[in-house]
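Hi there,

Here is the structure I promised to pass on. Have a look at it first, and then read my notes below.

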Amino acid sequence: MSLITKKVKGTEDVLPKDSYKWQFVEDIMRKEAQAFGFKEIRTPVFEHTELFSRGVGETTDVVQKEMYTFSTKGDASITLRPEGTAGAARALLEHAIYNDGLPVKASYFVSCYRYEKPQAGRLREFHQFGLECYGTSSPAADAEMISAAASVFKRLGIDKLRLEINSIGCPKCRKNYHEALKNYFEQYKDKLCDTCISRLERNPMRILDCKSPICSEISENAPKVLDYICDECREHFEGVQKYLDAANIEYTVNPTIVRGLDYYTKTVFEFVTDCIGAQGTVCGGGRYDGLIEELGGQHMPSLGFAMGIERLLILMDKLGIEIPKPETCDIYIAGLGEKGSFKAFEIASKVRTSGLIAETDVVGRGLRAQMKYADKIGAKFSMVLGDDEIDNNKGKLKNMKTGETTEVSLDDNFLIQFQKVHVEYMFVGN
RNA sequence: GUGGGUAUAGCUUAGUUGGUUAAAGCGCCAGUUUGUGGCACUGGAGACCGUCGGUUCGAAUCCGACUAUCCACCCCA
(Lines give C-alpha, C1' and ligand atoms only; values in the text may rest on other atoms or scores of the structure.)
Protein backbone atom coordinates (compact mmCIF):
# COMPACT_ATOMS: atom_id res chain seq x y z
CA MET A 1 0.00 0.00 0.00
CA SER A 2 1.17 3.49 -0.83
CA LEU A 3 2.54 5.56 2.01
CA ILE A 4 -0.02 8.22 1.20
CA THR A 5 -2.84 6.06 2.48
CA LYS A 6 -0.98 4.57 5.39
CA LYS A 7 -0.94 6.05 8.85
CA VAL A 8 2.37 6.44 10.62
CA LYS A 9 3.32 3.56 12.91
CA GLY A 10 1.94 3.93 16.39
CA THR A 11 -0.72 6.46 15.46
CA GLU A 12 -4.44 5.91 15.52
CA ASP A 13 -7.38 7.50 13.71
CA VAL A 14 -10.55 8.18 15.64
CA LEU A 15 -13.24 7.43 13.11
CA PRO A 16 -16.64 9.12 12.85
CA LYS A 17 -18.33 6.01 14.18
CA ASP A 18 -16.23 6.13 17.36
CA SER A 19 -15.65 9.80 18.07
CA TYR A 20 -18.68 10.03 20.35
CA LYS A 21 -16.86 7.80 22.81
CA TRP A 22 -14.01 10.27 23.08
CA GLN A 23 -16.44 13.13 23.42
CA PHE A 24 -18.25 11.30 26.18
CA VAL A 25 -15.21 10.60 28.35
CA GLU A 26 -13.71 14.02 27.69
CA ASP A 27 -16.94 15.60 28.73
CA ILE A 28 -16.98 13.76 32.02
CA MET A 29 -13.37 14.61 32.66
CA ARG A 30 -14.01 18.28 31.94
CA LYS A 31 -16.94 18.35 34.31
CA GLU A 32 -15.13 16.54 37.10
CA ALA A 33 -12.16 18.86 36.78
CA GLN A 34 -14.51 21.79 37.14
CA ALA A 35 -16.23 20.23 40.11
CA PHE A 36 -12.89 20.04 41.88
CA GLY A 37 -12.00 23.60 40.94
CA PHE A 38 -9.46 22.90 38.21
CA LYS A 39 -9.32 25.20 35.20
CA GLU A 40 -8.17 24.08 31.80
CA ILE A 41 -4.77 25.07 30.49
CA ARG A 42 -3.71 24.56 26.87
CA THR A 43 -0.06 24.49 26.02
CA PRO A 44 1.77 23.89 22.73
CA VAL A 45 2.48 20.41 21.38
CA PHE A 46 6.16 21.24 21.20
CA GLU A 47 8.54 22.91 23.61
CA HIS A 48 12.24 23.59 23.86
CA THR A 49 13.97 20.26 24.27
CA GLU A 50 15.68 21.46 27.40
CA LEU A 51 12.38 21.79 29.23
CA PHE A 52 11.88 18.05 29.05
CA SER A 53 15.45 16.98 29.63
CA ARG A 54 15.52 19.19 32.74
CA GLY A 55 11.96 18.58 33.89
CA VAL A 56 11.41 14.92 33.14
CA GLY A 57 15.00 14.00 33.87
CA GLU A 58 18.14 13.47 31.83
CA THR A 59 18.48 9.82 32.89
CA THR A 60 14.93 8.69 32.15
CA ASP A 61 14.09 6.40 29.24
CA VAL A 62 11.59 8.96 28.03
CA VAL A 63 14.28 11.59 27.58
CA GLN A 64 17.11 9.29 26.61
CA LYS A 65 15.48 7.34 23.85
CA GLU A 66 11.86 8.19 23.30
CA MET A 67 11.62 11.85 22.38
CA TYR A 68 10.68 13.22 18.98
CA THR A 69 13.28 15.94 18.72
CA PHE A 70 14.07 18.11 15.71
CA SER A 71 15.82 21.37 14.90
CA THR A 72 14.16 24.47 13.55
CA LYS A 73 15.55 26.53 10.70
CA GLY A 74 17.00 28.81 13.35
CA ASP A 75 18.76 25.82 14.85
CA ALA A 76 16.72 25.62 18.03
CA SER A 77 16.13 22.14 19.41
CA ILE A 78 12.44 21.44 19.71
CA THR A 79 10.70 18.37 21.11
CA LEU A 80 7.17 17.06 20.76
CA ARG A 81 5.87 16.79 24.31
CA PRO A 82 6.25 13.28 25.73
CA GLU A 83 4.00 14.17 28.69
CA GLY A 84 1.93 17.06 29.96
CA THR A 85 3.40 18.09 33.30
CA ALA A 86 6.49 19.92 32.08
CA GLY A 87 4.64 22.16 29.66
CA ALA A 88 2.05 23.13 32.24
CA ALA A 89 4.77 23.90 34.76
CA ARG A 90 6.57 26.02 32.20
CA ALA A 91 3.42 28.03 31.54
CA LEU A 92 2.90 28.47 35.27
CA LEU A 93 6.33 30.04 35.56
CA GLU A 94 6.31 32.00 32.34
CA HIS A 95 3.02 33.71 33.17
CA ALA A 96 3.61 33.79 36.93
CA ILE A 97 0.19 32.24 37.40
CA TYR A 98 1.06 31.51 41.01
CA ASN A 99 0.54 35.24 41.66
CA ASP A 100 -3.17 34.70 41.10
CA GLY A 101 -3.22 32.90 44.44
CA LEU A 102 -2.31 29.46 45.59
CA PRO A 103 -2.94 26.71 45.01
CA VAL A 104 -3.09 26.92 41.24
CA LYS A 105 -5.24 24.08 39.95
CA ALA A 106 -5.00 23.28 36.27
CA SER A 107 -6.46 20.58 34.03
CA TYR A 108 -5.44 19.62 30.52
CA PHE A 109 -6.04 17.40 27.54
CA VAL A 110 -2.89 16.72 25.58
CA SER A 111 -1.59 14.53 22.82
CA CYS A 112 1.81 13.10 23.70
CA TYR A 113 4.57 11.62 21.59
CA ARG A 114 7.03 8.92 22.50
CA TYR A 115 9.15 6.90 20.13
CA GLU A 116 8.39 3.46 21.52
CA LYS A 117 7.55 0.15 19.98
CA PRO A 118 3.76 0.03 19.80
CA GLN A 119 1.82 -2.70 21.54
CA ALA A 120 -1.52 -3.11 23.27
CA GLY A 121 -2.24 0.16 25.09
CA ARG A 122 0.95 1.79 23.91
CA LEU A 123 1.08 4.20 21.01
CA ARG A 124 3.56 6.71 19.68
CA GLU A 125 0.91 9.37 19.68
CA PHE A 126 -1.43 9.02 22.63
CA HIS A 127 -3.75 11.24 24.61
CA GLN A 128 -3.92 12.16 28.23
CA PHE A 129 -6.20 13.98 30.54
CA GLY A 130 -4.40 15.39 33.55
CA LEU A 131 -4.65 17.58 36.60
CA GLU A 132 -1.92 19.62 38.26
CA CYS A 133 -1.98 21.42 41.58
CA TYR A 134 0.79 23.88 42.44
CA GLY A 135 1.78 25.40 45.75
CA THR A 136 0.73 23.01 48.46
CA SER A 137 2.57 20.45 50.51
CA SER A 138 -0.44 19.31 52.46
CA PRO A 139 -1.40 15.63 52.30
CA ALA A 140 -4.93 16.86 51.74
CA ALA A 141 -3.87 17.94 48.26
CA ASP A 142 -2.55 14.46 47.52
CA ALA A 143 -5.80 12.95 48.63
CA GLU A 144 -7.82 15.45 46.64
CA MET A 145 -5.80 14.62 43.54
CA ILE A 146 -6.38 10.90 43.98
CA SER A 147 -9.99 11.50 44.79
CA ALA A 148 -10.47 13.52 41.61
CA ALA A 149 -9.09 10.68 39.53
CA ALA A 150 -11.20 8.13 41.36
CA SER A 151 -14.20 10.27 40.83
CA VAL A 152 -13.67 10.41 37.07
CA PHE A 153 -13.52 6.62 36.98
CA LYS A 154 -16.63 6.34 39.04
CA ARG A 155 -18.53 8.69 36.72
CA LEU A 156 -17.42 6.59 33.80
CA GLY A 157 -18.82 3.50 35.47
CA ILE A 158 -15.44 1.87 35.99
CA ASP A 159 -15.14 -0.04 39.23
CA LYS A 160 -12.54 -2.59 38.24
CA LEU A 161 -9.48 -0.43 38.85
CA ARG A 162 -7.31 -0.85 41.87
CA LEU A 163 -5.56 2.10 43.39
CA GLU A 164 -2.01 1.52 44.51
CA ILE A 165 -0.06 4.12 46.39
CA ASN A 166 3.47 4.45 47.65
CA SER A 167 5.92 7.00 48.91
CA ILE A 168 9.30 7.21 47.26
CA GLY A 169 10.46 9.85 49.71
CA CYS A 170 12.19 13.14 49.19
CA PRO A 171 15.57 13.38 47.43
CA LYS A 172 17.33 13.12 50.79
CA CYS A 173 15.79 9.94 52.12
CA ARG A 174 15.48 8.35 48.70
CA LYS A 175 19.20 8.57 48.32
CA ASN A 176 19.67 6.55 51.49
CA TYR A 177 17.19 4.00 50.34
CA HIS A 178 18.84 3.60 46.97
CA GLU A 179 22.15 3.02 48.72
CA ALA A 180 20.61 0.37 50.92
CA LEU A 181 19.00 -1.34 47.95
CA LYS A 182 22.19 -1.30 45.95
CA ASN A 183 24.15 -2.79 48.80
CA TYR A 184 21.55 -5.49 49.21
CA PHE A 185 21.30 -6.45 45.56
CA GLU A 186 25.06 -6.24 44.98
CA GLN A 187 25.51 -9.49 46.87
CA TYR A 188 23.13 -11.27 44.47
CA LYS A 189 24.56 -9.67 41.38
CA ASP A 190 25.41 -12.96 39.70
CA LYS A 191 21.86 -14.25 40.10
CA LEU A 192 19.89 -11.24 38.91
CA CYS A 193 18.59 -11.10 35.36
CA ASP A 194 20.35 -8.92 32.81
CA THR A 195 17.84 -6.11 32.92
CA CYS A 196 18.03 -6.01 36.70
CA ILE A 197 21.79 -5.76 36.65
CA SER A 198 21.48 -2.67 34.50
CA ARG A 199 18.74 -1.40 36.78
CA LEU A 200 21.06 -1.75 39.73
CA GLU A 201 22.90 1.41 38.78
CA ARG A 202 20.14 3.48 37.27
CA ASN A 203 17.04 2.70 39.25
CA PRO A 204 17.40 -0.07 41.83
CA MET A 205 13.78 0.26 42.93
CA ARG A 206 12.74 -1.22 39.60
CA ILE A 207 14.28 -4.53 40.58
CA LEU A 208 11.60 -4.92 43.22
CA ASP A 209 9.05 -5.03 40.44
CA CYS A 210 10.85 -7.57 38.23
CA LYS A 211 8.70 -10.42 36.96
CA SER A 212 11.53 -12.94 36.81
CA PRO A 213 11.00 -15.53 39.58
CA ILE A 214 14.59 -15.37 40.77
CA CYS A 215 14.67 -11.60 41.01
CA SER A 216 11.35 -11.41 42.80
CA GLU A 217 12.49 -14.06 45.25
CA ILE A 218 15.61 -12.09 46.01
CA SER A 219 13.49 -8.97 46.31
CA GLU A 220 11.42 -10.41 49.12
CA ASN A 221 14.01 -9.69 51.75
CA ALA A 222 15.20 -6.44 50.26
CA PRO A 223 15.07 -3.28 52.35
CA LYS A 224 11.63 -1.65 52.36
CA VAL A 225 11.14 1.99 51.31
CA LEU A 226 8.95 2.83 54.20
CA ASP A 227 11.74 1.89 56.62
CA TYR A 228 14.02 4.41 54.99
CA ILE A 229 11.96 7.51 54.36
CA CYS A 230 12.51 10.40 56.73
CA ASP A 231 10.08 11.41 59.45
CA GLU A 232 8.60 14.20 57.41
CA CYS A 233 7.94 11.96 54.43
CA ARG A 234 6.50 9.23 56.60
CA GLU A 235 4.20 11.67 58.34
CA HIS A 236 3.07 13.03 55.03
CA PHE A 237 2.38 9.56 53.66
CA GLU A 238 0.40 8.64 56.75
CA GLY A 239 -1.53 11.86 56.36
CA VAL A 240 -2.44 11.01 52.81
CA GLN A 241 -3.73 7.64 53.91
CA LYS A 242 -5.83 9.19 56.66
CA TYR A 243 -7.47 11.50 54.18
CA LEU A 244 -8.12 8.65 51.78
CA ASP A 245 -9.64 6.61 54.60
CA ALA A 246 -11.80 9.55 55.57
CA ALA A 247 -13.00 9.86 51.99
CA ASN A 248 -13.65 6.11 51.83
CA ILE A 249 -11.30 5.60 48.94
CA GLU A 250 -9.94 2.08 48.77
CA TYR A 251 -6.25 1.62 48.09
CA THR A 252 -3.36 -0.70 48.72
CA VAL A 253 0.13 0.36 49.61
CA ASN A 254 2.44 -1.11 47.02
CA PRO A 255 6.06 -0.44 47.94
CA THR A 256 7.24 -1.47 44.48
CA ILE A 257 5.59 1.40 42.64
CA VAL A 258 8.24 3.51 41.04
CA ARG A 259 7.49 6.22 38.56
CA GLY A 260 9.83 6.47 35.62
CA LEU A 261 9.98 10.23 35.57
CA ASP A 262 12.58 11.93 37.72
CA TYR A 263 10.43 14.69 39.08
CA TYR A 264 8.36 12.54 41.41
CA THR A 265 8.81 12.84 45.17
CA LYS A 266 6.93 11.47 48.15
CA THR A 267 3.50 10.23 47.13
CA VAL A 268 3.16 8.24 43.92
CA PHE A 269 0.05 6.39 42.82
CA GLU A 270 -1.37 4.34 40.00
CA PHE A 271 -4.77 3.12 38.97
CA VAL A 272 -4.15 -0.32 37.54
CA THR A 273 -6.09 -3.04 35.77
CA ASP A 274 -5.10 -6.37 34.38
CA CYS A 275 -7.76 -6.66 31.73
CA ILE A 276 -6.20 -4.54 29.00
CA GLY A 277 -2.91 -6.34 28.50
CA ALA A 278 0.53 -5.65 29.80
CA GLN A 279 0.15 -1.87 29.86
CA GLY A 280 -2.27 -1.87 32.75
CA THR A 281 -1.67 1.55 34.23
CA VAL A 282 -4.61 3.70 33.23
CA CYS A 283 -3.70 6.61 35.45
CA GLY A 284 -0.47 7.53 37.14
CA GLY A 285 0.72 10.45 39.12
CA GLY A 286 2.20 11.81 42.27
CA ARG A 287 3.89 14.66 43.97
CA TYR A 288 6.73 16.60 42.40
CA ASP A 289 7.90 19.01 45.06
CA GLY A 290 11.16 19.82 43.32
CA LEU A 291 10.08 20.37 39.73
CA ILE A 292 9.17 24.05 39.81
CA GLU A 293 12.45 24.87 41.48
CA GLU A 294 14.30 22.70 39.00
CA LEU A 295 12.80 24.77 36.20
CA GLY A 296 13.99 27.98 37.78
CA GLY A 297 11.07 28.95 39.96
CA GLN A 298 10.75 29.26 43.70
CA HIS A 299 10.33 26.20 45.85
CA MET A 300 6.76 25.20 45.15
CA PRO A 301 5.52 21.80 46.25
CA SER A 302 3.11 20.48 43.63
CA LEU A 303 1.50 17.33 42.35
CA GLY A 304 -0.59 15.89 39.57
CA PHE A 305 -1.68 12.90 37.55
CA ALA A 306 -2.37 11.93 33.98
CA MET A 307 -4.69 9.30 32.62
CA GLY A 308 -4.32 7.67 29.23
CA ILE A 309 -7.48 8.15 27.24
CA GLU A 310 -6.82 5.29 24.80
CA ARG A 311 -6.20 2.87 27.68
CA LEU A 312 -9.31 4.09 29.39
CA LEU A 313 -11.42 3.48 26.30
CA ILE A 314 -9.92 0.02 25.84
CA LEU A 315 -10.77 -0.76 29.43
CA MET A 316 -14.33 0.48 29.14
CA ASP A 317 -14.75 -1.60 26.04
CA LYS A 318 -13.37 -4.69 27.78
CA LEU A 319 -15.66 -4.12 30.74
CA GLY A 320 -18.62 -3.81 28.40
CA ILE A 321 -19.47 -0.33 29.63
CA GLU A 322 -21.99 1.18 27.27
CA ILE A 323 -21.30 4.69 26.13
CA PRO A 324 -24.48 6.54 25.20
CA LYS A 325 -24.88 6.75 21.43
CA PRO A 326 -25.09 10.23 19.97
CA GLU A 327 -28.46 11.65 18.97
CA THR A 328 -29.57 10.53 15.54
CA CYS A 329 -31.19 12.67 12.88
CA ASP A 330 -34.48 14.21 14.05
CA ILE A 331 -35.92 14.67 10.61
CA TYR A 332 -34.94 13.65 7.12
CA ILE A 333 -36.62 15.73 4.46
CA ALA A 334 -36.78 14.10 1.06
CA GLY A 335 -37.07 16.33 -1.95
CA LEU A 336 -38.80 15.28 -5.16
CA GLY A 337 -37.88 17.16 -8.27
CA GLU A 338 -36.14 20.49 -8.37
CA LYS A 339 -38.77 22.50 -6.50
CA GLY A 340 -39.07 19.84 -3.84
CA SER A 341 -35.36 19.70 -3.41
CA PHE A 342 -35.15 23.46 -2.82
CA LYS A 343 -38.04 23.37 -0.38
CA ALA A 344 -36.49 20.46 1.51
CA PHE A 345 -33.24 22.37 1.74
CA GLU A 346 -35.04 25.43 3.05
CA ILE A 347 -37.04 23.57 5.70
CA ALA A 348 -34.02 21.59 6.86
CA SER A 349 -32.18 24.86 7.48
CA LYS A 350 -35.14 26.14 9.44
CA VAL A 351 -35.25 23.03 11.63
CA ARG A 352 -31.55 23.36 12.45
CA THR A 353 -32.05 26.82 13.90
CA SER A 354 -33.96 25.15 16.71
CA GLY A 355 -31.04 22.90 17.59
CA LEU A 356 -32.60 19.77 16.14
CA ILE A 357 -30.79 17.61 13.61
CA ALA A 358 -32.10 17.78 10.07
CA GLU A 359 -30.83 16.24 6.86
CA THR A 360 -31.86 16.35 3.26
CA ASP A 361 -30.58 14.88 0.03
CA VAL A 362 -27.27 16.22 -1.23
CA VAL A 363 -26.55 13.39 -3.65
CA GLY A 364 -29.40 13.73 -6.12
CA ARG A 365 -30.99 10.39 -5.33
CA GLY A 366 -34.47 9.14 -6.10
CA LEU A 367 -37.15 8.96 -3.45
CA ARG A 368 -36.70 5.32 -2.61
CA ALA A 369 -32.99 5.72 -2.12
CA GLN A 370 -33.57 8.79 0.00
CA MET A 371 -35.91 6.84 2.26
CA LYS A 372 -33.38 4.06 2.57
CA TYR A 373 -30.83 6.62 3.61
CA ALA A 374 -33.24 8.13 6.14
CA ASP A 375 -33.68 4.69 7.61
CA LYS A 376 -29.98 3.97 7.69
CA ILE A 377 -29.09 7.12 9.57
CA GLY A 378 -31.81 6.37 12.09
CA ALA A 379 -33.94 9.42 11.34
CA LYS A 380 -36.77 9.77 13.81
CA PHE A 381 -39.07 11.43 11.28
CA SER A 382 -39.17 11.85 7.56
CA MET A 383 -41.11 14.09 5.25
CA VAL A 384 -41.44 13.99 1.47
CA LEU A 385 -41.71 17.28 -0.39
CA GLY A 386 -42.82 17.28 -4.03
CA ASP A 387 -45.07 19.38 -6.23
CA ASP A 388 -48.23 18.29 -4.44
CA GLU A 389 -47.00 19.34 -1.04
CA ILE A 390 -45.70 22.64 -2.29
CA ASP A 391 -48.95 23.42 -4.14
CA ASN A 392 -51.05 22.60 -1.09
CA ASN A 393 -48.50 23.99 1.36
CA LYS A 394 -48.92 20.82 3.42
CA GLY A 395 -46.60 17.95 4.28
CA LYS A 396 -46.80 14.69 6.18
CA LEU A 397 -44.43 14.02 9.03
CA LYS A 398 -43.78 10.33 9.17
CA ASN A 399 -42.73 8.61 12.38
CA MET A 400 -40.10 6.19 11.10
CA LYS A 401 -40.64 3.72 13.86
CA THR A 402 -44.41 3.39 13.74
CA GLY A 403 -45.10 4.63 10.23
CA GLU A 404 -47.74 7.02 11.55
CA THR A 405 -48.03 10.33 9.77
CA THR A 406 -49.04 13.75 10.97
CA GLU A 407 -50.14 16.47 8.59
CA VAL A 408 -48.40 19.79 8.99
CA SER A 409 -48.39 23.05 7.11
CA LEU A 410 -45.23 24.18 5.39
CA ASP A 411 -45.50 27.84 6.31
CA ASP A 412 -43.91 29.69 9.20
CA ASN A 413 -45.73 27.43 11.62
CA PHE A 414 -43.91 24.33 10.44
CA LEU A 415 -41.20 24.44 13.06
CA ILE A 416 -43.62 24.76 15.95
CA GLN A 417 -45.68 21.87 14.63
CA PHE A 418 -42.63 19.69 14.18
CA GLN A 419 -41.26 20.53 17.61
CA LYS A 420 -44.56 19.50 19.15
CA VAL A 421 -44.57 16.14 17.40
CA HIS A 422 -40.90 15.69 18.25
CA VAL A 423 -41.44 16.39 21.94
CA GLU A 424 -44.25 13.81 22.03
CA TYR A 425 -41.96 11.30 20.35
CA MET A 426 -39.19 11.87 22.89
CA PHE A 427 -41.67 11.73 25.73
CA VAL A 428 -42.97 8.33 24.71
CA GLY A 429 -39.47 7.18 25.48
CA ASN A 430 -36.98 6.38 22.83
C1' G B 1 16.39 -1.97 20.87
C1' U B 2 15.17 -7.81 21.77
C1' G B 3 11.70 -11.83 21.10
C1' G B 4 7.04 -14.46 19.13
C1' G B 5 2.29 -14.58 16.11
C1' U B 6 -0.28 -12.90 11.67
C1' A B 7 -0.76 -10.96 6.44
C1' U B 8 -6.74 -13.14 0.57
C1' A B 9 -12.40 -7.08 -1.38
C1' G B 10 -14.26 -1.70 3.39
C1' C B 11 -15.21 -5.86 7.43
C1' U B 12 -15.29 -11.37 8.74
C1' U B 13 -13.51 -15.39 6.35
C1' A B 14 -13.20 -19.93 2.38
C1' G B 15 -9.64 -21.43 -0.99
C1' U B 16 -8.98 -28.83 -0.68
C1' U B 17 -2.19 -32.90 -2.09
C1' G B 18 0.58 -26.18 -6.37
C1' G B 19 -3.59 -26.63 -12.11
C1' U B 20 -7.94 -22.12 -16.42
C1' U B 21 -11.30 -15.66 -15.68
C1' A B 22 -9.60 -16.12 -6.72
C1' A B 23 -15.10 -17.53 -3.66
C1' A B 24 -18.91 -16.34 0.15
C1' G B 25 -21.47 -13.52 3.93
C1' C B 26 -21.94 -8.59 5.77
C1' G B 27 -21.37 -3.58 4.07
C1' C B 28 -21.61 -0.15 -0.27
C1' C B 29 -24.19 1.51 -5.09
C1' A B 30 -28.34 0.88 -8.51
C1' G B 31 -32.96 -1.29 -9.71
C1' U B 32 -37.80 -4.47 -8.64
C1' U B 33 -43.38 -0.02 -14.11
C1' U B 34 -40.65 7.29 -12.69
C1' G B 35 -44.46 9.56 -4.65
C1' U B 36 -42.20 6.53 0.59
C1' G B 37 -37.51 3.15 4.53
C1' G B 38 -36.85 -1.73 7.39
C1' C B 39 -38.06 -7.60 4.60
C1' A B 40 -37.26 -10.05 0.01
C1' C B 41 -35.41 -10.44 -5.00
C1' U B 42 -32.11 -8.85 -9.29
C1' G B 43 -27.81 -6.60 -10.89
C1' G B 44 -23.19 -3.77 -10.06
C1' A B 45 -18.68 -1.70 -8.12
C1' G B 46 -14.74 -3.39 -5.14
C1' A B 47 -8.63 -7.88 -4.36
C1' C B 48 -2.09 -6.40 -8.47
C1' C B 49 -4.00 -12.90 -2.69
C1' G B 50 1.44 -7.35 1.98
C1' U B 51 6.19 -6.47 -1.28
C1' C B 52 10.37 -8.35 -3.92
C1' G B 53 12.95 -12.54 -5.40
C1' G B 54 13.38 -17.99 -5.96
C1' U B 55 11.59 -23.31 -7.10
C1' U B 56 8.12 -25.07 -11.12
C1' C B 57 5.43 -26.05 -17.57
C1' G B 58 2.26 -23.59 -13.82
C1' A B 59 2.30 -20.28 -7.10
C1' A B 60 -2.80 -17.13 -3.05
C1' U B 61 -0.83 -22.20 -2.03
C1' C B 62 6.26 -24.35 -1.46
C1' C B 63 11.17 -21.59 -0.03
C1' G B 64 13.86 -16.90 1.22
C1' A B 65 14.30 -11.82 2.29
C1' C B 66 11.89 -7.40 3.31
C1' U B 67 7.68 -4.54 4.99
C1' A B 68 3.38 -3.84 7.76
C1' U B 69 0.54 -5.18 11.84
C1' C B 70 -0.52 -7.57 16.56
C1' C B 71 1.39 -9.39 21.26
C1' A B 72 5.30 -9.63 24.99
C1' C B 73 10.08 -7.74 27.22
C1' C B 74 11.85 -2.82 28.47
C1' C B 75 9.36 1.67 29.83
C1' C B 76 5.13 4.40 30.79
C1' A B 77 -0.49 6.89 30.47
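**What I found**

The residues of the surface near RNA strand B divide into 18 nonpolar, 14 polar and 23 charged. Here, near means that a residue's C-beta atom, placed from the backbone, lies within 6 Å of the strand. Ala, Val, Leu, Ile, Met, Phe, Trp, Tyr, Cys and Pro count as nonpolar, Asp, Glu, Lys and Arg as charged, and the others, Gly among them, as polar.

Please keep in mind that this is a predicted model, where local features need pLDDT of at least 70, side-chain atom pairs count only at pLDDT 80 or more, and totals for chains, interfaces and linings use all residues. Residues are numbered from 1 along each chain as its sequence is written, while chains are lettered from A and ligands numbered from 1 in the order in which they are written.

In total, 55 residues surround RNA strand B, and the closest are A120, G260, G277, G284 and G308. Helix 13 (residues 367-376) gives the most to this surface, with seven residues. Helices (H or I, at least four residues) are DSSP runs, numbered from the N terminus, and so are strands (E, at least two).

Chain A is divided into domain 1 (3-170 + 229-318) and domain 2 (331-422), with bounds that come from an automatic or database domain assignment. Taken over C-alpha atoms, the centres of domain 1 and domain 2 are 48 Å apart.

Five bridges join strand 12 (residues 331-335) to strand 14 (residues 381-385), and these two run parallel. Across from F381 in strand 14 stands I331. Strands pair if DSSP finds at least two bridges between them.

Enjoy exploring!
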